[in-house]
Amino acid sequence: MEITLDRPPEGAAADWTIDQDWDRFTAQEHAVWDTLFERQAKLLPGRASKAWLRGLDVLRLSRPGIPNFEELSERLMAATGWRVVAVPGLVPDDVFFDHLANRRFVAGNFIRRADQLDYLQEPDVFHDVFGHVPMLADPVFADYMQAYGQGGLRSLGFGALHKLARLYWYTVEFGLVREDDALRIYGSGIVSSHGESIFALDDASPNRIGFDLKRVMRTKYRIDDYQQTYFVIPSFDELLRTTLDTDFAPLYAELETLDDLEPETVLAEDEVITRGTQDYARGKKG
């Protein structure tokens with residue numbers, strides 16, 4: 001989200017949206033989407049949440065390759081009233097929140113190269129659409145995303161954006177949920193990553209901790225590799241209820257009095273589902 005431009009780039013509308021120009025995508029770019037889609041669609045049953053798997057059908061459009069956002073938005077609007085709009089890249093925070101608050105999801109308009117299938121730091125159309133859109137077809141999660149956007153606009157007046165960003169990171173991007181006495185993936189950063197779809201559930205390295213709003217908003221995160229801690233929500237209904245019922249103004253004030261926590265931290269009061277070894281992160285440090 002965070003960028004320094006104070007005006008839309010050339011060719012973008014005032015809200016930073018652009019024409020997807022679907023016809024410009026090459027056969028090679030569509031083939032990258034199809035390769036990624038097939039690989040993840042085979043891997044995720046039994047790993048992804050039921051809500052995400054149900055929503056995957058929204059992406060099964062009339063033709064293979066990168067989805068046409070107009071056709072995709074028609075299906076998504078019918079399900080939950082959301083639309084997908086193309087943007088040239090990262091957008092300012094206020095623009096991002098305003099789109100979410102109005103049930104518009106911004107998606108990057110490029111796709112990774114064939115030699116970048118396993119990792120790309122900047123979110124591309126596969127991450128944004130395959131990762132996020134299936135959950136936007138779930139009515140409860142769709143409401144949560146809108147509520148997050150509305151809360152994000154309010155957070156700008158409190159100077160607390162970095163705290164609220166952690167909530168997005170540890171839920172929308174890298175969240176786990178309990179289902180049928182097991183852990184399942186719903187975060188877009190996980191479901192769009194072949195390696196992290198396995199790591200998040202199966203590896204002994206990361207912590208898996210029960211979701212607590214204040215705890216999450218104190219916890220730093222890493223953008224350059226697999227997460228050291230995943231937070232587990234009991235249900236999407238509970239996530240939405242917690243978000244809607246919380247008065248964030250006093251919470252922001254309290255958070256200013258508390259130290260930030262490193263990503264690997266485990267507190268005595270945490271609901272520890274899995275205490276990770278952190279071997280993966282330590283190995284990366286050499």
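**Aromatic contacts in the predicted model**

Tyr221 has a relative accessible area of 30% and is therefore partly exposed, a class that lies between buried (under 20%) and exposed (over 50%), as found with a 1.4 Å probe on protein chains only. The model is predicted, so local features need pLDDT of at least 70 and side-chain atom pairs count only at pLDDT 80 or more, while totals for chains, interfaces and linings use all residues. Residues are numbered from 1 along each chain as its sequence is written, and side-chain values use heavy atoms, with hydrogens and water left out.

Tyr170, by contrast, counts as buried, at 1% relative accessibility. Across the whole structure, a search finds 23 aromatic pairs, for which ring centres of Phe, Tyr or Trp (its six-membered ring) must lie within 6.5 Å. Since Tyr170 belongs to helix α7 (residues 161-173) and Tyr221 to the loop between α10 (213-218) and β6 (229-233), the pair ties together parts that are 51 residues apart in sequence. Helices (H or I, at least four residues) and strands (E, at least two) are DSSP runs numbered from the N terminus.

Elsewhere, one aromatic cluster is formed by Trp33, Phe37, Trp52, Phe126 and Phe130. Rings also meet charged side chains: Arg63 places its charged end over the ring of Trp22, 4.2 Å from the centre, and Arg24 lies over the face of Phe25, at 4.3 Å from the ring centre. Such a contact requires NZ of Lys or CZ of Arg within 6 Å of the ring centre and within 35 degrees of the ring normal.

Note on methods
Phe/Tyr/Trp six-rings, centres within 6.5 Å; stacked < 30°, edge-to-face > 60°.
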